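Dear colleague,

I am passing on the structure we spoke about, and my notes on what was found follow directly below it. Please read them with the coordinates open.

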Amino acid sequence: MSSTSIGDLAQSFMLRNRNTALKQEMTRLTTELSTGQVADTRAVLGGNYSYLTEIERKLETLTGYDVATTEANHMAGAMQSALERIESLGTDLSLSLIAAGTSAVGTSKSVVAADARNAMAALVGTMNSNIAGRSMFSGTATDRAPLPDDTALLDALKTAITSAGATSPTDIMAAATNWFNDPAGFAATAYQGSDNALAPMTLSETESVRLDIRATDPDLKTMLRLSAVAALAEDPALALTEPEQTELFEMTGQQMLAGRDGITSLRAKVGFAEARIEQVSSRNAAEKTSLDYAKANLLASDPYDAATKLEEVQFQLQSLYSVTVRMSQLSLVNFL
């Protein structure tokens with residue numbers, strides 16, 4: 001009976017090769033045990049990556065939509081806050097103007113006009129506000145504020161009123177309304193934004209939301225117009241008597257109080273958009289969780305099987321070390 005043996009060098013190479021293989025197997029099993037996922041994806045999928053690729057593509061898409069919904073939510077929230085401030089400013093100013101126009105004692109006309117000027121400046125500042133460097137009420141021209149400063153706006157309106165020859169409160173209100181509504185008036189000389197609406201913000205593959213409120217919106221122009229007229233009531237260029245100023249305050253106050261409904265409607269419009277954004281965001285989050293679970297389940301490893309195999313590999317590695325030590329102690333003297 002013949003026997004087959006290998007040389008010392010070949011035997012040493014075989015032992016080192018086996019040692020490396022066992023260490024690699026131990027590393028793989030340790031990784032699977034710690035992460036809960038298989039290390040060899042190709043072996044688990046049998047080379048068919050189509051399902052996993054589709055899951056990962058959808059997850060990447062949902063991550064992008066997550067950024068979009070967050071941006072849309074911030075935009076809608078900032079717009080809602082701005083409209084709330086505009087409504088609050090209009091309410092406070094309208095009550096002050098009505099009180100000045102109806103009270104027997106009355107407040108100093110200069111004080112009321114100053115309040116109107118301050119409220120108008122606040123309205124302009126609010127409409128010129130931006131979020132993350134993007135103007136909210138400028139349409140597609142998000143790189144610039146929609147309105148000039150309050151002084152320039154008042155000067156433009158005063159020029160329009162005096163050019164129309166308005167001398168009575170009724171004529172002044174009519175001239176101001178004409179200028180704000182005339183395409184060659186406010187829209188052409190004061191409004192600095194774009195006439196083009198912002199494109200709808202995409203929230204998912206099937207959902208989008210439009211946040212299109214510009215400073216040229218009729219309800220916003222009403223607030224600007226009435227506060228500006230009230231601020232000009234005491235201006236010498238209009239040459240109004242004190243009773244006429246009182247009448248003008250009452251007219252602007254009453255119309256501004258009625259104009260709150262328009263601002264409320266705008267807030268409701270933005271509120272509806274906020275609700276849709278929240279709903280789509282929740283659906284996207286639920287879908288992402290479902291896909292994460294499907295991916296984890298597809299690549300999940302059996303922890304009990306991995307632990308058993310790891311223990312087996314550790315035993316084999318220890319046995320290999322023991323054999324290596326024994327072989328290293330062999331000598332001709334011991335053999336003889």
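The side chains of Glu207 and Arg276 meet in a salt bridge, with 2.9 Å from N to O, where a salt bridge is a side-chain nitrogen of Lys or Arg within 4 Å of a carboxyl oxygen of Asp or Glu. This pair links distant parts of the chain, since Glu207 lies in the loop between β3 (201-202) and β4 (208-209) and Arg276 in helix α10, 69 residues apart; helices (H or I, at least four residues) and strands (E, at least two) are DSSP runs, numbered from the N terminus. Glu207 counts as partly exposed at 22% relative accessibility, and Arg276 counts as partly exposed at 25%, on a scale where buried means under 20% relative accessible area, exposed over 50% and partly exposed in between (1.4 Å probe, protein chains only).

Glu207 also forms a salt bridge with Arg283, their closest N and O atoms being 3.2 Å apart, and Arg283, at 42% relative accessibility, is partly exposed as well. A search of the whole structure finds 10 salt bridges.

Please bear in mind that this is a predicted model, in which local features need pLDDT of at least 70 and side-chain atom pairs count only at pLDDT 80 or more, while totals for chains, interfaces and linings use all residues. Residues are numbered from 1 along each chain as its sequence is written, and side-chain values use heavy atoms, with hydrogens and water left out.

Finally, the axes of helix α3 (residues 50-102) and helix α4 (residues 109-127) come within 10 Å and cross at roughly 170 degrees, which makes α3 roughly antiparallel to α4; the axes are lines fitted to C-alpha atoms, for helices over the stretch in contact, with angles running from 0 to 180 degrees between N-to-C directions, and angles under 35 degrees count as roughly parallel, over 145 as roughly antiparallel, 65 to 115 as roughly perpendicular and the rest as oblique.
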